[in-house]
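Please examine the structure shown below together with its sequence. The paragraphs that follow begin with a single residue and then widen the view to the chain as a whole.

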Amino acid sequence: MIENFPFYLSLILAIVFIIMIANKIRVAYPVLLVVAGLLISFIPNVPVIRIDPELIFIIFLPPLLYEAAWAISWKELWKWRRIIGSFAFVVVFLTATTVAFVANHFIPGFSLALGFLLGGIVSPPDAVSAGAILKFVKVQKRLSSILEGESLLNDASSLIIFRFAMIAVATGQFIWQDAVFSFSWMLIGGIGIGLIIGWLFMKGHKLLPTDANMDTILTIVAPYLMYIAAEEAHSSGVLAVVSGGLLLSNNRHNFLSTSSRLRGLNVWESLSFVLNGLVFILIGLDLPEITSGLGEVSIYAAVGYGLLVTAVLIVVRILSAYGAVVVTLIARNFITVADNRSPGFKAPILLGWTGMRGVVSLAAALSIPVKLYPDGPDFPQRNLILFITFIVILTTLLVQGLTLPYLIRKMEIPSYNDHLPEDEAEELIRREMAKMTLEHLRKNHSGLLEKSIFLQQIHEKWKGKVEKDSDIKLSSEIKEAYLDILNAQRAWLIEQNYDKKQHFDEDLIRRHLVKIDLEEERLSLIH
């Protein structure tokens, strides 16, 4: 390990360089990283990378899921909960089932149980890839919200299918009663454990005398503890991290200080940047080991099987997207749906084309044991499953990843007006928050307003006059008054976020909340 440290260090530098190139040429960085890893693996004397699946499941997966849970809007997640739930659970199950029957029929030596095993591995799309691609194109908020929400949950459902298929392959039988009980415990237990640990961390942040550094460290420890505790209880570690992360994210202003929120934001952006980069370049680097294990299966036949499975995944996802539209159009006659309007034929194609596969699929495939049981026979078709998984990841990243931006621009999906236009919302927030601030200042601090130049400047600022900040000393009384104003602004913004009449995009609300945090941090530096 230590002798390869310079190589791993150079990988980090290569990742930074490749992502700079990707941003320059406006290509999603996961695509370039996988290709770069593939090319590096062919360089003579390059250390052979053997990816331990536990490394990905334990080291990489919890923080990446946790960061995604903090970034997603709970408001959007709840609004589109039905379509997100259908894609994260129903579509994943349909995809795994279809792959199982296709593999059983077309790939020699594949039983139905092995087909379900492969289906569970390749069924969940990768959120990081889609997010990296959508960064370069303007896409409707509802589409990005659905993709983000789906990606938080589909890993759990696919890994549950994977576990049951592993049991069926190893034992040769599948007991439905046990499967239903296990599935229920994985869902309920995973969510429950995540919420309990999240609540304990929230109380710990509030009651313990922590500072910004300690709070940031605790946020890094939290997802690992949630994941490990749930897995030890034989429930879903993915759902534990997601549920706990959502709980903490939506209460961040209740238990984290301003400094902790700002510092944690910077730390988590850097951490997720490095972890995502490493994962995708490692996928490419692992190809030689995967190829060497094919044995009697020719490379051409294995590639053909991989392309067949990839085609099945794409077709099933697109058909499922249209199926979701049909179900919604029927269901709106009986229940309240998020949007009564028909999305047309373009949006389902776009949603269906965002099915790039990535880290979870590779980790699941690698976690297949070499032996069925200790001192037993080799696990059937393990190497072929690994190779097919790699082909699926590579093909979806290259084909769908490179064509998705073009498809988005070409299809010209109409605006659904789910939220106010950003410039209009920005102006409305600024004006209404100014009115609220002036009213709060006059009502609660009128006495101090007459005596304090600083508060008078704040008063004038929110009346629309621009004044250069003065380097003046502030008494503790004036600081407390200004902090009270900032807290009132923060509470007003959070209230507006959940006001159904306003239709504000939560990303815009969060940007304003960060501005208030920065202003509060600036105030702490004034003596």
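Glu 506 has a relative accessible area of 5% in this predicted model, and a residue counts as buried when that value is under 20%, so Glu 506 is buried. Its salt-bridge partner is Arg 510, and the closest N and O atoms of the two are 3.2 Å apart. Is Arg 510 buried or exposed? The relative accessibility of Arg 510 is 18%, which means that this residue also counts as buried. Both residues belong to helix H23, where they lie four residues apart; they are therefore separated by about one helical turn.

Salt bridges that share partners also occur in this model, and they join Arg 261, Arg 490, Asp 517 and Glu 520 into one network.

The side chain of Asp 517 meets that of Arg 261 in a salt bridge, with an N to O distance of 2.7 Å. Which parts of the chain does this pair tie together? Arg 261 is located in helix H13, which covers residues 258-285, while Asp 517 is located in helix H23, which covers residues 506-524. The pair therefore ties together parts that are 256 residues apart in sequence. Arg 261 and Asp 517 are both buried.

Asp 517 also meets the side chain of Arg 490 in a salt bridge, here with an N to O distance of 2.9 Å. This pair links distant parts of the chain as well: Arg 490 is in helix H22, formed by residues 476-497, and Asp 517 is in helix H23, the two residues being 27 residues apart. Arg 490 is buried, as is Asp 517.

The view may now be widened. How many salt bridges does the structure hold? The structure holds six salt bridges, among them the bridge between Glu 506 and Arg 510 and the bridge between Arg 261 and Asp 517.

The helices named above belong to a protein chain that has 23 helices and zero strands. The chain consists of 527 residues, of which 52% count as buried. Among contacts in the chain with a separation of 6 or more, 83% are between residues 24 or more positions apart. Finally, the protein chain exposes about 25,600 Å², and carbon and sulfur atoms supply 65% of this area.

Note on methods:
Residues are numbered from 1 along each chain as its sequence is written. This is a predicted model: local features need pLDDT of at least 70, side-chain atom pairs count only at pLDDT 80 or more; totals for chains, interfaces and linings use all residues. Side-chain values use heavy atoms; hydrogens and water are left out. A salt bridge is a side-chain nitrogen of Lys or Arg within 4 Å of a carboxyl oxygen of Asp or Glu. Buried means under 20% relative accessible area, exposed over 50%, partly exposed in between (1.4 Å probe, protein chains only). Contact means heavy atoms within 4.5 Å. Accessible areas come from the Shrake-Rupley method with a 1.4 Å probe; for residues, only the protein chains shown count as cover.
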